[in-house]
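Subject: Structure handover and notes

Dear colleague,

I am passing on the structure below, together with my notes on what I found in it. Please read the notes with the structure open beside them.

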Amino acid sequence: MYRNAIFMCERLCAEFPSETNLQLLASCYLQNNQSHCAYYILKGTHMAQCRYLFALSCFQMDLLNEAEAALRPPNESSAEVPNGAAGHYLLGLIYRYTDRRQNAIHHFNQALSMDPLLWAAYEELCILGAAEEATSVFSEGASLCIEKQYMHDELSSKSSQASSDDHIVVPNRSLGVEDVSPRQLKDMHGYDVRDISRNYHGAASNQPLNGGPATFSFYNTPSPMATQSQLSGVAPPPICRNAQLNGPNLRAFGADSSPRSVVNSAVPGPRRKFVDEGKLRKVSERLFSDSRQRRSMRLGGESLVNTNSSASVASGNGTNHSSKYLGGPKSSSVVSRSVTIRKGQSWASENSDEGAHYDIYDDSRLDITTSSSSPRGDARSLEQEGAARPSGPVVVSGSRVAAGASEILGLLMILGEGYRLSCLYRCQDALDTYIKLPKKHYNTGWVLSQVGKAYFEMVDYMEADSAFSLARLASPYSLEGMDIHSTVLYHLKEDMKLSYLAQELISTDRLAPQSWCAMGNCYSLQKDHETALKNFQRAVQLNSRFAYAHTLCGHEYVALEDFENGIKSYRSALQIDSRHYNAWHGLGMVYLRQEKFEFSEHHFRLAFQINPRSSVIMSYLGTALHTLKKNKEALEMMERAILADKKNPLPLYQKANILVSVENFEGALAVLEELKEFAPRESSIYALMGRIYKRCNMYDKAMLHFGLALDLKPSATDVAVIKAAIEKLHVPDELEDEDAL
Amino acid sequence: MAESSEGEEEGNLTGGNQHLVVDDDLREMAKKAAWSVSSCKPGNGVLSLRDDNLDTYWQSDGAQPHVVNIQFQKKVKLQLVVLYVDFKLDESYTPSKISIRAGDGFHNLKEIKAVELVKPTGWVYISLSGSDPRETFVNTFMLQIDVLSNHLNGRDTHVRQVKVYGLRLNPMPRQPFQFTSTELITYSTVR
């Protein structure tokens, strides 16, 4: 359908070149993933919405400087960021990717304050490590804010209705209002082609379309049914949205007065059509008596003839009702989207109600300021009391808004808190928070993969695996967090499961970086590092802002002993996300190998500061301290690691190593005996014990243990080392040259 | 894995050696090395030794011994050399006596291994470990494979592929022994 839309828009722009038309064309291109086209058209435009779209296309093309300049022109420091919350969100992303953390945080906070339901902004704040507690963000205050915005929309729509040409600049409302037409682009899928072309014809000949990018605007786009209601309730296809902030719009609007008559004739057509198709319309028809219905339509038609802009505004009303205050983030957020649609359905019926009511009031210049709370459902009384302002429905709906808003906010509060805690790596707290969710929300893909991630950070791979498997069952199409799942399987050395996962992911979505990460992990597990590297590089190509792919590339480079490129990859990962502790850890490992012990300790410490829960990081930090000869601290760190995770045998082994090097042989032996419980078939334990016995000159025991170690099939080098040790059993250690210890 | 050790040679080619099978803890080390040969016929140069294509071969074009030199950027621990040679296809071009030398450069190469092949048809594994069980690998800057004589006293030689294997990196640095059991390996790294 986008091809049709683009074609029509191009004709429109040729016919009536203006910024608003360009904006529509650009939004068509953006919907069709042709951001470079949008970029070229919108270069140099000044309207707020155009600048926003331009910034968006620059962002998608990775031209962050231009995007920033568009959103925040350098010479106008006090200019308002276009498109409200979404604009702030985009600006925040730009700052984040250009390393200006403070600015990014500021803008994300702004976005959240303007639209408390912008979950994506909260997510970004969590990733940056600067989010406030979810309870304060998604609080009562937020609920009131949403309610106020909703009410404001109502009021402003009334006022602009009353005053014909005088558009009241209302940012919120206009933003809400813009959704519709591009939304129609999207929602038209199910419609008749004729409808759309007629719709567009109406649009084309009508005033320029101001439909901003639906998905990018402040409020989430109204659900299809709601769109229906507006269309049906309103005279021209609600495309004549001119509630933009700028003057040029009005002028453009005025200039196009001639085609309007064409529109009028075109109007009944689409309206009728939509009346047929709108399921919601049928619902609303049931709610109203027929006479009322026809009357509202007739009135709508009349109002169209009489008042040019107010008619559009009337449609705006309808839009506003339907434009849910469930301002969601980009449509990628599953949770809010489902919530939106749910609310949309429950609200749609009321909206058509109100739409009809407002049509009635089109003619009568109503005084906006009344706030009488006349009861709602009584349409007849409203009709009679022409002067009574329909604040009744508003108020009633207002309280329902409040109820809905607070319900959503309650949910978001739990989710937000959980996410924030898991980004701070307070994994147990995060898990406790997620448990508080109602069952139906807990058992969704997103939440379960967050749970899996939390277990992963705590190095509890078994639990992580089960959580991720449940997530796969809940939403087999979702790739969120599956890269971590593949890493979990890698750690557990489950090559069957891992290759199965990788195959599934690739067949689900070949263009997602997570699938290639999983594939790469699969090859890496089989020690085929070159192929693994290729896969990870593919993942990087697909999405260069996916930090984990870079880290995995780094791991593979290191396995191939290419330390330079390894360091480069880790650094790129850190550039994208400086709290990515895996990359810090990777750098620490590289420096450990290169024997740059100070650097290595520094990096391990950074990783530890970010994720203080991982016992593996702790034990590596201990090892690094040991290499710096800070044995006391090293031992302390090992103790912490042992305490942190009872199931992890690594710190015990490292502790034994350290004890051997400080010549505390009894201690070391004790630890190794304990370790034998954990891993009875681990050859390195016996080898180390053998070595200790040799140092203690207990040759029989040493011989016994070396023999045991050999039986347990160590690696080839170790075989050599052990055999050599056996041969030289009676030679004092100083005469041997030991190479690795 | 076919052993070709000193003395009487059996380039011992059972069907299994049609496929290259190498231990997991070894990896091919010579991708970044500099390869050169003592002489070659145009079109059958050194690239054919490394192109993973068993149909292309290196053909020498000079006096014996024919030599393949492999120079690394840093000292590497090598354990295994694998050649693909085929008597059925190459007959008198098939190498028969091979000597492997190692050292820091051309000036101080020392022979570490000598083998004689008898009608080989496939991958021939030449282990570089010394007789001492401690020396499973040779730590060197340069490796040289000398073809001293061919089957049926042929003058020039054909070699189809050469691969050099060495130790993998220890996944855990600064460890005296590598881990073998899953319990420890699972927790041994942060990925």
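To begin with chain B of this predicted model, 53% of its 191 residues count as buried. The secondary structure of chain B consists of three helices and 10 strands, and, read from the N terminus, its elements follow the order β-β-α-β-β-α-β-β-β-β-β-β-α. When the contacts in chain B with a separation of 6 or more are considered, 77% of them are accounted for by residues 24 or more positions apart. One detail of the backbone in chain B deserves a look: the peptide bond that leads from Q64(B) to P65(B) is cis, with an omega near -5 degrees, and P65(B) is placed in the loop between β3 (58-59) and β4 (66-86) of chain B.

Chain A has 42 helices and zero strands, and 62% of its 741 residues count as buried. Among the contacts in chain A between residues at least 6 apart in sequence, those that join residues at least 24 apart make up 62%.

Two helix pairs in chain A

The axes of helix α4 (residues 48-60) and helix α6 (residues 84-97) of chain A come within 11 Å and cross at roughly 30 degrees; an angle under 35 degrees counts as roughly parallel, and α4(A) and α6(A) are therefore described as roughly parallel to each other. Their crossing is left-handed. On the side of α4(A) the contact is made by Y52(A), A55(A), L56(A) and F59(A), and on the side of α6(A) by A86(A), G87(A), L90(A), L93(A), I94(A) and Y97(A). Sorted by class, the residues of this contact between α4(A) and α6(A) are nine nonpolar, one polar and no charged.

In the second pair, helix α28 (residues 482-491) and helix α29 (residues 495-508) of chain A have axes that come within 9 Å and cross at roughly 160 degrees, which makes α28(A) roughly antiparallel to α29(A). The crossing in which α28(A) passes α29(A) is again a left-handed one. From α28(A), the residues M482(A), H485(A), S486(A), L489(A) and Y490(A) meet K497(A), L498(A), L501(A) and L505(A) from α29(A), and the contact of α28(A) with α29(A) comprises six nonpolar, two polar and one charged residues.

An enclosed helix

Helix α38 (residues 650-661) of chain A has 12 residues and reaches 17 Å from its first C-alpha to its last, which is close to the 16 Å expected at 1.5 Å a residue. Because 11 of the 12 residues of α38(A) are buried, this helix is largely enclosed by the rest of the structure. The buried residues in question are L650(A), P651(A), L652(A), Y653(A), Q654(A), K655(A), A656(A), N657(A), I658(A), L659(A) and V660(A). Their cover includes α36 (615-627), α37 (631-644), α39 (665-678) and α40 (683-695) of chain A, and also α3 (182-186) of chain B. Just after α38(A), E663(A) takes a positive phi of about 65 degrees.

F604(A) and its surroundings

F604(A) is found in helix α35 (residues 597-610) of chain A, and its relative accessible area of 0% places it among the buried residues, since buried means under 20%. Apart from its neighbours within four places in sequence, F604(A) is in contact with H585(A), G588(A), M589(A), L592(A), I617(A), Y620(A), L621(A) and A624(A). The C-alpha atom of F604(A) is separated by 8.2 Å from that of M618(A), which lies 14 residues away along the chain.

Loops with positive phi

Most residues other than glycine have a negative phi. In the loop between α34 (581-593) and α35 of chain A, however, E595(A) has a positive phi near 65 degrees and is not a glycine. K713(A), in the loop between α41 (699-711) and α42 (716-727) of chain A, has a positive phi of about 55 degrees although it is not a glycine either. K713(A) is also exposed, with a relative accessible area of 68%.

With best wishes

Terms used. Residues are numbered from 1 along each chain as its sequence is written. Chains are lettered from A and ligands numbered from 1 in the order in which they are written. This is a predicted model: local features need pLDDT of at least 70, side-chain atom pairs count only at pLDDT 80 or more; totals for chains, interfaces and linings use all residues. Side-chain values use heavy atoms; hydrogens and water are left out. Helices (H or I, at least four residues) and strands (E, at least two) are DSSP runs, numbered from the N terminus. Buried means under 20% relative accessible area, exposed over 50%, partly exposed in between (1.4 Å probe, protein chains only). Contact means heavy atoms within 4.5 Å. Axes are lines fitted to C-alpha atoms, for helices over the stretch in contact, and angles run from 0 to 180 degrees between N-to-C directions. Angles under 35 degrees count as roughly parallel, over 145 as roughly antiparallel, 65 to 115 as roughly perpendicular and the rest as oblique. A crossing is left-handed if the near helix is turned anticlockwise from the far one by less than a right angle, and right-handed if clockwise. Ala, Val, Leu, Ile, Met, Phe, Trp, Tyr, Cys and Pro count as nonpolar, Asp, Glu, Lys and Arg as charged, and the others, Gly among them, as polar. The expected span of a helix is 1.5 Å times one less than its number of residues.
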